[in-house]
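Please keep the sequence and the 3D view at hand while reading.

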Amino acid sequence: MARIEIHQTLCKGCALCTTLCPEELIKIGKQINENGYFYAVFTDNGACKGCALCAKICPDVAIEVWK
Ligand code: SF4
Ligand code: SF4
């Protein structure tokens with residue numbers, strides 16, 4: 001079982017991670033962070049494989065992967 005943690009204050013809402021996740025577990029949410037960006041939100045439905053593609057693509061190092 002794996003999961004990710006998205007640090008919303010680091011996220012700039014570029015959506016790169018949303019396009020890469022093979023399980024489509026990441027979406028850009030409707031809330032704005034303290035820097036004024038719509039930030040990415042993880043849907044933990046148990047399907048995360050811990051592949052870390054999302055973390056590797058994130059230019060702002062906003063995603064941690066836990067296995
Ligand atoms: S670790 Fe892989 S499966 Fe899990 S959210 Fe990131 S891209 Fe998706
Ligand atoms: S790739 Fe990083 S900065 Fe871009 S939306 Fe995802 S978590 Fe946010």
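The points below cover the ligand surroundings, the nonpolar core, one cysteine and a strand pair. The model is predicted.

**Ligand surroundings**
- Ligand 1 is surrounded by 16 residues, and the closest are C21, C48, C51, L53 and C54.
- The shell around ligand 1 consists of 13 nonpolar, one polar and two charged residues.
- Around ligand 2 there are 14 residues, of which C11, C14, C17, A40 and C58 come nearest.
- In the shell around ligand 2, eleven residues are nonpolar, one is polar and two are charged.

**Nonpolar core**
- The largest nonpolar core has 13 residues.
- Those touching the most other members of this core are C17, C21, I26, A40, C54, C58 and I63.
- When its neighbours within four places in sequence are set aside, C58 is in contact with L16, C17 and I63.

**Residue C21**
- C21 lies in the loop between α1 (16-20) and β2.
- C21 counts as buried because it has 21 C-beta neighbours inside 10 Å, and the cut-off for a buried residue is 20 or more.
- Beyond its neighbours within four places in sequence, C21 is in contact with I26, L53 and C54.
- C21 and L53 are 32 residues apart in sequence, yet their C-alpha atoms are 6.7 Å apart in space.

**Strand pair**
- Strands β2 (residues 26-32) and β3 (residues 38-42) run antiparallel and are joined by four bridges.
- Across this pair, I28 stands opposite A40 in β3.
- The hairpin of β2 and β3 has five residues between the strands, and G36 in this hairpin takes a positive phi near 90°.

Definitions and conventions. Residues numbered from 1 in each chain as written. Chains lettered and ligands numbered in written order. Predicted model: local features only at pLDDT ≥ 70, side-chain atom pairs only at ≥ 80, totals over all residues. Near = placed C-beta within 6 Å. Nonpolar A, V, L, I, M, F, W, Y, C, P; charged D, E, K, R; others polar. Core = buried A, V, L, I, M, F, W, Y, C linked by C-beta atoms within 7 Å. Buried ≥ 20, exposed ≤ 12 C-beta atoms within 10 Å, placed from the backbone. Contact = placed C-beta atoms within 7 Å. Pairing = 2+ DSSP bridges. Helix = DSSP H or I, 4+ residues; strand = E, 2+ residues; numbered from the N terminus.
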